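Biologist: Please show me the model, and then let me ask how each description was reached.

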Amino acid sequence: MRVTPGQPASEGVANDAAPASDYLAGIARVRAALERHASLDPEQPPPPEAQPVPPHLPATGGDSTLASLCQIFGLSPFESDVLLLCAGMELDATFAPLCGRAQVDARREYPTFGLALAALPGASWRALLPDAPLRYWQLVRVAPGGSLTASELAIDERVLHYLLGLDSRDERLAGLVELVADGGDLVPSHRRLAERLARTWERTRGGPDFPVVELCGDDTPAKWALATAACGLLGWRLYAMATEALPAGAAELDSLLRLWHREALLSRAALLLAGDDLRPEDPQETALRRFVDQARGGLIVARRRRLSPRHRPVLSIDVAKPGLDEQRDEWRRLLAPPQAGPGAAALAGQLADQVEALVDHFSLHAAEIRSAYFEAAGRWSGGGSNGEGAEALGAALWDTCRTRVRPALADLAERLEPRAAWDDLVLPEGQRQILREVVAHVRRRGLVYRTWGFDRKTARGHGVSVLFGGASGTGKTLAAEVLAAELGLDLYRIDLSSVVSKYIGETEKNLQRIFDAAEAGGTILLFDEADALFGKRSEVKDSHDRYANLEVSYLLQRMESYRGLAILTSNMPEALDSAFKRRLRFIVEFPFPDAAQRRELWRRVFPAPVPTVGLDFDRLARLNVAGGHVRNIALHAAFLAADAGRTVTMRDLLAAARRELAKSGRTLSEAEVRDWM
């Protein structure tokens, strides 16, 4: 029975070629055949059952390798002897001159197909065909430039090492495939997926239904760990190759396919193809599809979206992030490992609420949880009293998680460092109370939705969407900073001018990038000046109107499903569509400050170290400007005073106010600045 090229041999292949003796006995038998052909000793008896092991060869490990090679690749007795003839050239110094004498040409001291056909029993021309095992699997190499029967033959180095029982890897695969030694621990749900994969492969191995496996989803570390665990259950090795390394040329890809398939058969290995999703027109994407369609044996493709091969059965497995319970269990296991003493258990108990907060706000892979824990533990000194130590470690864990999941949004958003506190916010008490309720909705969503069961009562997401409405400078961005500082979360201001695109479909893609990148860390998203996108939705008069409405609908859906806080600011909230307003959790109106509020703004605007003299906050409050202008005027006045080498006075503020209002074409009225000097 012979292996069809491109197909693995079944485990039940009969092997008439390899006797029970080892490869040394086989080489001795081939040597005897050469000597008989050279008529050196026509009556020479067959070699003994066992041969002494030369000192330079492995003493053990090769006893069954010849039989394995014959079974794996379906070699006939003649093909087995050709392989041994080439191996003898590498292992026995007397083979070269013997080949020369057997071919009656001292210059041809090397094996050839012609010599094998003339000297070895069971000779068959079929063994010389390109699709026969010797040449298809590149077990032997034919030197280029001569005729097929007269060219030098050599055993492939990888095959020789396998025959000797030595563990190696084909050097042509170096830099392309790497052994995956350890994929890491698995959470229970991922361990069950690994067991499912292993059962499927074990049940279908060697048959036409043996599937390629697609691991889809965003949890890349879990995909690697899952693939490693599944191969471990089967006793296989796992190698990994980047999809970007696949050659685009058909000939190079076919050569790589054969090379890898041979390696997989020799080392009982599976291949993990991993990389980013590519565009359908990308040459590497085409190469990936061809590789998957033509590859045989254990193959795992790890990417986000499905590939759907055309010619192979597919087992698609979605590898999602661990659920909330599994994330919580992972945190607890790290804080109080089974071998730890009572002190660790006590520390874990003190951090129980912090663990709940971490799970509620940061959606992490298991590998990310472990990395965050060890990074935070390294930064934590472990000192202080018991309660102080737990508080310090909890703060380190929170800060580490926040920085690790910080989204990459440099081209679409700006990260704002929150510097404002509640005392910096001058608003009527009603608005301040709404902002406190926003904090409560974000901070306590895990308790209300999950523990108290409200997530079973509503199909809408857990996102908190807020509209801040009011004129420019009334404190909308400042309020967002206060919320970020209170919640200990990152704040990103979205530049809608870079998000909204004139090209159909591009706006949704940009919004998807923003929400996907921010999802893991509960990042606060501030869509500043949202009127550009969220004005009254128009009646559908043409295709542009229809797609503009789709953009708004997409944003509403993502805001509801987003697990964090999304804030929209508008200078004209009354112009927003009422259907849009109904889907917002909170609406906060930022009124233009009255005289009392302006006085409070002036009183709070200067930091304590700023030297001032003679400032009259009642007179300053007559200046009819919002908080943003107050900050700009105070800052400019401070620079004027600093440059003059004196304290800040009303004169500096008057000059700064004139400069600030001139930017918007305004001039100071007599009523506003009367008695300032």
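Predicted model: local features only at pLDDT ≥ 70, side-chain atom pairs only at ≥ 80, totals over all residues.

Modeller: Glu529 sits in the loop between β12 (524–527) and α22 (531–534).

Biologist: Why is Glu529 called partly exposed?

Modeller: Its relative accessible area is 35%. Buried means under 20% and exposed means over 50%, so a value in between is called partly exposed. Therefore Glu529 is partly exposed.

Biologist: Which residues does Glu529 touch, not counting residues up to four places away in sequence?

Modeller: Glu529 touches Leu496, Thr569 and Asn571.

Biologist: Why does Ser151 count as buried?

Modeller: The relative accessibility of Ser151 is 6%. The limit for buried is under 20%, so Ser151 counts as buried. Ser151 is found in the loop between β1 (140–142) and β2 (153–155). Leaving aside neighbours within four places in sequence, Ser151 is in contact with residues including Tyr110, Pro111 and Thr112.

Biologist: Is Thr228 buried or exposed?

Modeller: Thr228 has a relative accessible area of 16%. That value is under 20%, so Thr228 is buried. Thr228 lies in helix α9 (residues 220–234), and its side chain reaches the backbone oxygen of Trp224 at 2.8 Å.

Biologist: What makes helix α4 mostly covered?

Modeller: Helix α4 (residues 95–102) has 8 residues, and 6 of them are buried. The buried ones are Phe95, Ala96, Leu98, Cys99, Gly100 and Ala102. They pack against α1 (23–37), α3 (77–91) and α5 (113–119). Just after α4, Val104 takes a positive phi of about 55°.

Biologist: How many aromatic pairs does the structure hold?

Modeller: The structure holds 10 aromatic pairs. One of them joins Tyr136 and Trp137, with 5.0 Å centre to centre and 85° between the planes.

Biologist: What makes Tyr239 and Trp260 an edge-to-face pair?

Modeller: Their ring centres are 5.8 Å apart and their planes stand at 70°. The limits are within 6.5 Å and over 60 degrees, so the pair is edge-to-face. Tyr239 lies in strand β5 and Trp260 in helix α10, so the pair ties together parts that are 21 residues apart in sequence.

Biologist: How do you know that Tyr239 and Trp260 are buried?

Modeller: Tyr239 has a relative accessible area of 3%, and Trp260 has a relative accessibility of 4%. Each value is under 20%, so both residues count as buried.

Biologist: Where does helix α10 lie?

Modeller: Helix α10 (residues 250–267) lies across β5 (237–242) and β6 (269–274), at about 135° to β6. Helix α11 (residues 283–294) lies across β4, β5, β6 and β7 (299–302), at about 160° to β6.

Biologist: In what order do the strands of the open sheet come?

Modeller: The 6 strands follow the order β3-β5-β6-β7-β4-β8, and the pairing is mixed. The edge strands are β3 (178–179) and β8 (314–318), each of which pairs on one side only.

Biologist: How do you know that β4 and β8 pair?

Modeller: Strand β4 (residues 212–216) and β8 share 5 bridges in the parallel sense. At least two bridges are required, so the two strands pair. Within this pairing, Leu315 in β8 is the bridge partner of Val213.

Biologist: And how much of the whole protein is buried?

Modeller: Buried residues make up 48% of the 677 residues. The protein has 29 helices and 14 strands.

Note on methods: Residues numbered from 1 in each chain as written. Heavy atoms only, no water. Helix = DSSP H or I, 4+ residues; strand = E, 2+ residues; numbered from the N terminus. Contact = heavy atoms within 4.5 Å. Axes fitted to C-alpha atoms, helices over the stretch in contact; angles between N-to-C directions. Buried < 20%, exposed > 50% of the residue type's maximum accessible area, 1.4 Å probe, protein only. Polar contact = N/O pair within 3.5 Å; in protein donor to acceptor, adjacent residues only side chain to side chain. Phe/Tyr/Trp six-rings, centres within 6.5 Å; stacked < 30°, edge-to-face > 60°.
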